[in-house]
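Hello,

Here is the structure I promised to pass on. Have a look at it first, and then read my notes below.

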Amino acid sequence: MDAVEAEEQQTEPPDEEEEEGFVEKDPTGRFIRYDEIVGSGAVKIVYRAFDKLEGVEVAWSQSRINDSVMVCSQKLDQLNMEIQLLRTFRHKNIVKLFASWIDEDKGIVNIITEYFTSGSLRQYRTKHKKLDMKAMRRWAIQILTGLEYLHSQNPAIIHRDLKCDNIFINGNHGKVKIGDFGLATFMQQQKTRSIKGTLEFMAPELYTGNYNELVDIYAFGMCMLELVTCEHPYSECQGIGHIFKNVSEGKKPAALYKVKDVEVRSFIENCLAPVDERLSASELLKSSFLQKDIYGSLSAPPVSVSLVEIENVTRDGDQCDSFVFRKGEFLLRGNMEVTNPVHLLLRFPDPTLLGGFKVAEFPLDVAKDTGLSVATEMAEQVQLPQGSIEIITELIGAFLLVLIRYWKSCVTTP
């Protein structure tokens with residue numbers, strides 16, 4: 001038995017009387033499993049279990065290993081590698097794994113994770129029919145934040161079987177987490193890839209074997225459709241052959257046309273778009289549909305402006321103020337000088353250096369330039385992180401609002 005432990009701590013062997021009622025324990029004796037099923041899937045069963053070290057209930061899933069894997073050392077090593085991968089996940093919207101190991105004698109993979117008393121998001125939505133769109137936006141933000149984390153890994157991690165059954169919720173505080181990574185894998189440069197997943201949630205490109213992490217975005221769109229309509233995607237189809245045909249031909253589920261809210265439907269359609277038009281998790285998080293929940297009635301997040309007097313300098317007898325504008329990790333500094341062009345200094349995250357920043361200085365011709373034109377030109381000249389053009393445009397716009405009172409002579413009015 002090859003044990004792969006998520007925690008190094010060991011517990012003392014318990015008394016038999018203390019553990020009366022359990023049917024199995026992990027190799028260290030820390031976790032005990034009860035004969036109570038709390039969930040099941042096509043290839044796995046989930047039992048209620050207990051963590052004696054922390055004194056909390058946990059979920060213990062058991063999945064049968066295919067015979068072809070058991071007799072092939074290379075495939076078994078690959079399986080072990082993927083189990084090791086699960087241990088590395090550290091994110092608030094990813095189900096926490098406590099321990100995992102392969103029982104080679106029985107041909108079973110054991111995985112112990114957090115236990116969610118409210119069950120899966122599908123179960124929760126089925127139970128609670130009356131739900132405001134605000135709650136679903138909050139769920140969407142959490143799911144996309146988890147996907148953004150997975151897809152930002154190098155190489156990217158693809159879930160490949162995202163669906164409402166594999167997303168779990170703690171109903172008492174609305175926290176949502178992505179789980180069931182039995183099909184997750186590294187994005188490897190392979191000539192062929194196996195087709196795995198749930199047919200109704202599978203992007204068309206999955207059938208070709210040539211796909212990337214955006215298949216998870218397609219599946220997320222189907223999750224949103226199910227949450228909004230309380231209808232399983234393609235429930236109108238007669239059998240898997242009919243579903244396969246519709247998905248392959250790009251025919252959308254009938255449930256999509258039952259979504260009356262134009263903004264909600266547009267958001268879902270962006271997720272289900274062809275792969276070359278499909279938005280990433282990071283881009284979807286910036287959509288007006290989700291941002292309105294974070295920023296109230298505004299359609300886009302406001303720029304958080306710190307109007308800080310950095311320095312008082314004298315230039316030709318005039319005192320000159322320098323101001324800093326902030327949005328997230330981006331900082332824009334501009335001097336209130338009566339000259340044209342105005343010179344701005346931008347500090348932005350360096351995508352090539354974890355936690356590092358770059359600084360760029362650039363001119364702004366107030367009589368000719370716009371925030372968008374300057375931001376676009378910068379993106380072409382400097383290595384900027386994805387989605388930065390919109391941020392820089394907003395920062396320059398905020399700067400001009402302050403600058404304009406100093407710049408009346410350069411503004412032409414009709």
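How many residues does α5 have, and how far does α5 reach from its first C-alpha to its last? The helix has 16 residues and spans 23 Å, close to the 22 Å expected at 1.5 Å a residue (that is, 1.5 Å times one less than its number of residues). Helices here are DSSP runs of H or I, at least four residues long, numbered from the N terminus.

Before going further: this is a predicted model, where local features need pLDDT of at least 70 and side-chain atom pairs count only at pLDDT 80 or more, while totals for chains, interfaces and linings use all residues. Residues are numbered from 1 along each chain as its sequence is written, and side-chain values use heavy atoms, without hydrogens or water.

α5 is mostly covered, with 15 of its 16 residues buried (under 20% relative accessible area, with a 1.4 Å probe and protein chains only). Beyond residues up to four places away in sequence, E226 touches R122, C164, F201, E231, H232 and P233 (heavy atoms within 4.5 Å). Just after the helix, C230 has a positive phi of about 60 degrees.

The largest nonpolar core has 67 residues, and F89, L144, L147, F220 and F267 touch the most other members. Such a core joins buried Ala, Val, Leu, Ile, Met, Phe, Trp, Tyr and Cys residues through side-chain atoms within 4.5 Å. Helix α5 (residues 214-229) gives the most to this core, 12 residues.

Best wishes

Notes
Buried < 20%, exposed > 50% of the residue type's maximum accessible area, 1.4 Å probe, protein only. Helix = DSSP H or I, 4+ residues; strand = E, 2+ residues; numbered from the N terminus.
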